[in-house]
Amino acid sequence: FWLKRKEIVPVTCPIRGLPTAMPLSYIKEAIRDHTAQTPGSVDPKVVATVTAMMAEIEKNREEACLKYCRELDKWEGPAVVSKEEIERKCAMVSDQTKRDIQFAVKQVRAFAEKQMASIQGFSADIGEGVTAGQKILPMTTAGCYVPGGRYSHIASAVMSVTTARVAGVKNVIVASPPKNAKDGVHEAIVYAANLAGADTILTLGGVQAIAALRFGLFSGFPADILVGPGNAFVATAKKLSYGACAIDMFAGPTEIAVIADKTADAEVVAVDIVSQAEHGPTSPCWLITLDEKLGRDVAARIQPLIDDLPEPNRSVADEAWRNYGEIILASTREEAVAKSDAYAPEHLEVQCEDLQWWLENLQSYGSLFLGEEVCVTHGDKASGPNHTLPTMGAAKYVGGLSIHKYLKIVTFQSCTKEASARMGAASARISRAEGMEGHARAADVRIKKYGVPASKL
């Protein structure tokens, strides 16, 4: 357990900005390599199963969907949750849970509205007689998947539906699996989705849910984008749908990294790590510390915290920590930043002095939690920023679900006749240099029509 190994990690030199090699030590090293999978990697057997199911559902539509519901979820009821059923289920939710969901919706909506306000269309004279601009347009239909298996992901309904509504999406369709063979979708998920503004709620899980959202089954509105977390089959169905529609991202096991210095509270750090390990047996949990004493203290606390969890959380967290848990000792802040950016964690907590420095220097993460006062649980449930985030290193090149995912930025342009001829001359010459004579002639016809003197071209 107390294995210590030196690893050479590239760190950007703070003076020259050039990469240099510096060693890192491991107080605990993962048994399994979390980089063995990438955001696009999928089990071939899962791909084959999902491909066949999607093809059958595309052909036989609602009938095939309902067949898979009966076979896989033992659900014999209707796919669409009726207005009366929504009212009945909402009445089942406790007042406290309703207040908590209302709080989460309020926070997520407020953050999404701030994001929306930060994006603007414009129209401007960009010179040479050309007017150009951009418009911000919402997608027409969003398909939101809300998991309901081992855990009922109430917050996923809040995050996906609320954000879509703020973006101006016209049709928001939610699909969530039945919690058992007779009760349908979890009542708190129904309450959250309805409060957030879902137009339709479907009692569908897994591949059949993604297929129904993609093809517009039971609603008549095929999805322009599919969003929401799910298991390997859900993720694969979304991956196979990409191109026919957009998706939020290729999702993998949830991740947490904590950067902590000597000022951190070892108990708080350990609890935060364990809180994310319960997500699944392949969830990586990393502590990057600048203080060896803290690292060893955290390591000693984690197993008792895991053992204190109820089942099945205990076994899941134990496997995740044993196989994918790491405690890394860095000698400088720059080393810690380099290691964190190399992992590009989904969730990154910083429990250190000088939080502004870390905010300015960290580059690759899904969402950043600055200071002991805020933790991943807050972000997962109610703080405001979205909890659907990139995993498996994807944070190096993409952000999480946000208002932007539901929007299209489209451009437009117009120009004067003289500008058309002037641009036409340059465009025609470039086209002929490329060997594209047809393109050149489309420019030539305007030069001829508008009769601009050659001296002005």
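The protein exposes about 21,500 Å², of which carbon and sulfur atoms supply 54%. The model is a predicted one, and its C-alpha atoms fill a box of roughly 85 × 65 × 45 Å when taken along the principal axes. Within the protein there are 15 helices and 15 strands, and of its 457 residues 47% are buried. When contacts between residues at least 6 apart in sequence are considered, 72% of them join residues that are at least 24 apart.

Helix α4, which spans residues 154–167, has 14 residues and reaches 20 Å from its first C-alpha to its last, close to the 20 Å expected at 1.5 Å a residue. Twelve of these 14 residues are buried, and α4 is therefore largely enclosed by the rest of the structure. The buried residues include A155, A157, V158, M159 and V161, together with S156, S160, T162 and T163. After α4 comes G168, which has a positive phi near 95°.

Two packed helices are described by the angle between their axes and the distance between the axes. Helix α3 (residues 95–117) packs against helix α5 (residues 187–196) at an angle of about 40°, and their axes lie 10 Å apart. The crossing in which α3 passes α5 is right-handed. On the α3 side, K98, I101, Q102, V105 and R109 take part in the contact, where they meet A188, Y191, A192 and L195 of α5. The residues of this contact divide into six nonpolar, one polar and two charged.

Notes. Residues are numbered from 1 along each chain as its sequence is written. This is a predicted model: local features need pLDDT of at least 70, side-chain atom pairs count only at pLDDT 80 or more; totals for chains, interfaces and linings use all residues. Side-chain values use heavy atoms; hydrogens and water are left out. Axes are lines fitted to C-alpha atoms, for helices over the stretch in contact, and angles run from 0 to 180 degrees between N-to-C directions. Helices (H or I, at least four residues) and strands (E, at least two) are DSSP runs, numbered from the N terminus. A crossing is left-handed if the near helix is turned anticlockwise from the far one by less than a right angle, and right-handed if clockwise. Contact means heavy atoms within 4.5 Å. Ala, Val, Leu, Ile, Met, Phe, Trp, Tyr, Cys and Pro count as nonpolar, Asp, Glu, Lys and Arg as charged, and the others, Gly among them, as polar. The expected span of a helix is 1.5 Å times one less than its number of residues. Buried means under 20% relative accessible area, exposed over 50%, partly exposed in between (1.4 Å probe, protein chains only). Accessible areas come from the Shrake-Rupley method with a 1.4 Å probe; for residues, only the protein chains shown count as cover.
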